[in-house]
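The sequence and structure come first.

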Amino acid sequence: MNDLAHDLGRGAAGALVHHGVLAQGSGVWTAAHAAARTMAGQAATVDPSSGSLYRGAPAVAYALHTAGHRAYRSALNELDRKIGPHIAARLSAAHLRMDSGQPPRMREYDLIRGLTGLGAYLLRRETRPDLLDGVLRYLVRLLQQPVTVQGHSLPGWWTLDSPHGEPDDRWPLGHGNFGMAHGVAGPVALLALCSRAGHTVPGQHETLVGACRLLEGWLRPLADGGDAWPETTTVNEWLDGPSPRACLGRPSWCYGTPGVARSLQLAALACGRTGSQHRAEDALLSCISDTRQLDRLQDATVCHGWAGVCLATCTAAAEAAPGTALTDRLAALRSAFAAYMAENALPRDAGLLTGADGILLTTHTLEPTHHVGPGWETCLLLN
């Protein structure tokens, strides 16, 4: 069995999104249908422990829906019949865990493996508003209801896992994660995108206001100018509060400032906090203007490389406040991305996150002469 056939981040599902979006403009479906046939080579299942936006039947359904060819409709309807009960079961298990007072595993709620990602699928698919409301109610509870770890009151998204997603003796009390892929920025972005689309539940607005305050509070100045968020925090760091200075990290969509800044901007737009919006956009501008940070990019991928930084910046600039310098910096950022691409080969792997498909689809999306409808980036919670 090929585990990558039904993988959105590293396999054929990501390839179908790439080729399907291109085919919508060109009318040439050869490459898209080839990726679809690769996925159809084995039955798409929903593993109770690993079925997620990026793995298994939900990944296949997201790819088929985003590609949008009429030949995929019957397969999509069949997949929906598998995915709905899976999401309902995961929501039920999550609420039982909350009732017990135990902290969550990272894979319960995050974008890549958890309910945030499944909520992004439901938002994109638009067939089960009842289940989407269930995910939103869960996220509101997650962000509002604290957990207790060895007598310490910590936010509900605190996990006993290490940043690698599994328990680790080096992280005995777990960690707090700020990133888009595995941390609090993901649920915040989904709540904001759903608000914009008209999907709201009680407490959602108040949760977004609180999220703005949280993310603004942890945005700290760098030693030589600019601002940044920490990727993760330990219990002691959380209890001590935000440090006076941020550590210079790698800018990225997955863990770094570009992804978190877009999440904060989306939340601010959803609840009308102009000051929070400016903080997000200023932080992103300082990041993409800082050669120290850009020099830390070591590949072109969407997940943690140039493509993700450019895509996050482009989507943020499109909704930035009037007079922002973000738009002015886009040309220089894209030129730097192009220069990197000219000197480095594409990855041999497929997929949207760490493969060539994400890079090529990003460059296609960013090309001004191409009309790419919004939507494929929902799996990244950027749009």
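Helices are DSSP runs of H or I with at least four residues, numbered from the N terminus.

On the helix 6 side, the contact (heavy atoms within 4.5 Å) is made by L115, T116, G119, L122 and L123. Helix 7 contributes L131, L132, V135, Y138 and L139. By class, eight of these residues are nonpolar, two are polar and none is charged. In this scheme Ala, Val, Leu, Ile, Met, Phe, Trp, Tyr, Cys and Pro are nonpolar, Asp, Glu, Lys and Arg are charged, and the others, Gly among them, are polar.

## Basis of the model

The model is predicted: local features need pLDDT of at least 70 and side-chain atom pairs pLDDT 80 or more, while totals for chains, interfaces and linings use all residues. Residues are numbered from 1 along each chain as its sequence is written, and side-chain values use heavy atoms, with hydrogens and water left out.

Helix 6 is largely enclosed by the rest of the structure, because 11 of its 11 residues are buried. Buried means under 20% relative accessible area, exposed over 50%, and partly exposed in between (1.4 Å probe, protein chains only). The buried residues include R124 and R125. Their cover includes helix 3 (57-67), helix 4 (73-100), helix 5 (106-109), helix 7 and helix 8 (185-196). After helix 6 comes E126, with a positive phi near 65°.

## T315

T315 belongs to helix 14 (residues 306-318) and is buried at 6% relative accessibility. A polar atom of the T315 side chain lies 3.0 Å from the backbone oxygen of A312. Leaving aside residues up to four places away in sequence, T315 touches R262, L382 and N383.

## R329

R329 is in helix 15 (residues 326-343). With a relative accessible area of 30%, R329 is partly exposed. R329 touches L285, I288 and S289, again not counting residues up to four places away in sequence. Between R329 and G119 there are 210 residues of sequence separation and 32 Å in space, C-alpha to C-alpha.

Key. Helices (H or I, at least four residues) and strands (E, at least two) are DSSP runs, numbered from the N terminus. A polar contact is a pair of N or O atoms within 3.5 Å; within protein, one must be able to donate a hydrogen and the other to accept it, and residues adjacent in sequence count only if both atoms are side-chain atoms.
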